[in-house]
Amino acid sequence: MRLPFFSRSRPTVDRARTAPIVPPGQRVYAIGDVHGCADELRQLLDMIAIDHAERGPAAQTVILLGDLVNRGPDSARAIGYARDLLASGVGRLLKGNHEELFVLAARGDRQAARALMSNGGLATLMSFGLAEEEINRGSYADLVTLLKRRLPRDVVTLLDAAEDKIAIGDYLFVHAGIRPGLPIAEQEGADLRWIREEFLDSQVDHGAMIVHGHTVEKAIVECENRIGIDTGAYKSGVLSAIGLEGAQRWFLSTG
């Protein structure tokens, strides 16, 4: 029996033979930008667990596309769920641009700390038990000193160790996108985490179907060369995932 909060944005789609495929015996789920929405992440992980069980035996991989932190209310708990997923042996984590800022700021980079605070970092720091008053007191030099002292080092290490890209079958999973025309093996981390218009506007064949987050859309976007699954959970309450098996593709969403 399905739980009442299940919502599928589209039914399962059978693709043509020329469509991208996942290797036989594998089932892959990828989750869009969480941005501190721990409740939605927990809900979506439960939905994925039920969906996976109902579809029958297969080797499961669950990929988090990055941007676990910032903007939403509970980044610390979202990171905890990600840690549990990684420890289970089925989870993999990509580094988003917000993880990059968090790690740099936590290691003393003042410019990164400024950018972190301009991009929803206050909620993230408060989720780790820092008070708003102490966060806003003093200069950015004072702030990075506070972060180096108070943010858990194991969390910083975990986020910094996240992957830049993950290739499975005919799919490539990245946070933001890739630089069109550049071989996948030569893609730079900065582009994988930060690129936007040049990738989104491109209609070229990238050599793989790119699954990405980073750019918020009202609904999942399926193009000939990319699939965007960031549905803006921190402002919409809708956290989305793609499911892949063989040539099949389906979607799960909260909210």
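**Reading the sheets of a predicted model**

Author: Five strands form an open sheet of mixed pairing, ordered β5-β6-β7-β9-β8. This is a predicted model, where local features need pLDDT of at least 70, side-chain atom pairs count only at pLDDT 80 or more, and totals for chains, interfaces and linings use all residues. Residues are numbered from 1 along each chain as its sequence is written, and side-chain values use heavy atoms, with hydrogens and water left out.

Reader: What stands at the edges of this sheet?

Author: β5 (165-168) and β8 (221-222) do, each with a single partner strand, so one side of each lacks a neighbour in the sheet. Strands are DSSP runs (E, at least two residues), numbered from the N terminus.

Reader: How do strands of a sheet pair?

Author: Through backbone hydrogen bonds, either parallel or antiparallel. Two strands count as paired if DSSP finds at least two bridges between them. Here β7 (residues 209-212) and β9 (residues 226-228) are parallel, with three bridges. His 212 has Gly 228 in β9 as its bridge partner.

Reader: Which strands pair with β10 in the antiparallel sense?

Author: Strand β2 (residues 26-31) joins β10 through four bridges. Val 28 faces Leu 244 of β10 there. Strand β11 (residues 248-253) pairs with β10 over six bridges. In that pairing, Ala 241 is opposite Leu 252 of β11.

Reader: Which residue takes a positive phi in the hairpin of β10 and β11?

Author: Gly 246, near 55°. Two residues lie between the strands of this hairpin.

Reader: Is β10 (residues 240-245) largely enclosed or left open?

Author: Five of its six residues are buried, so β10 is largely enclosed by the rest of the structure. Buried means under 20% relative accessible area (1.4 Å probe, protein chains only).

Notes
Buried means under 20% relative accessible area, exposed over 50%, partly exposed in between (1.4 Å probe, protein chains only).
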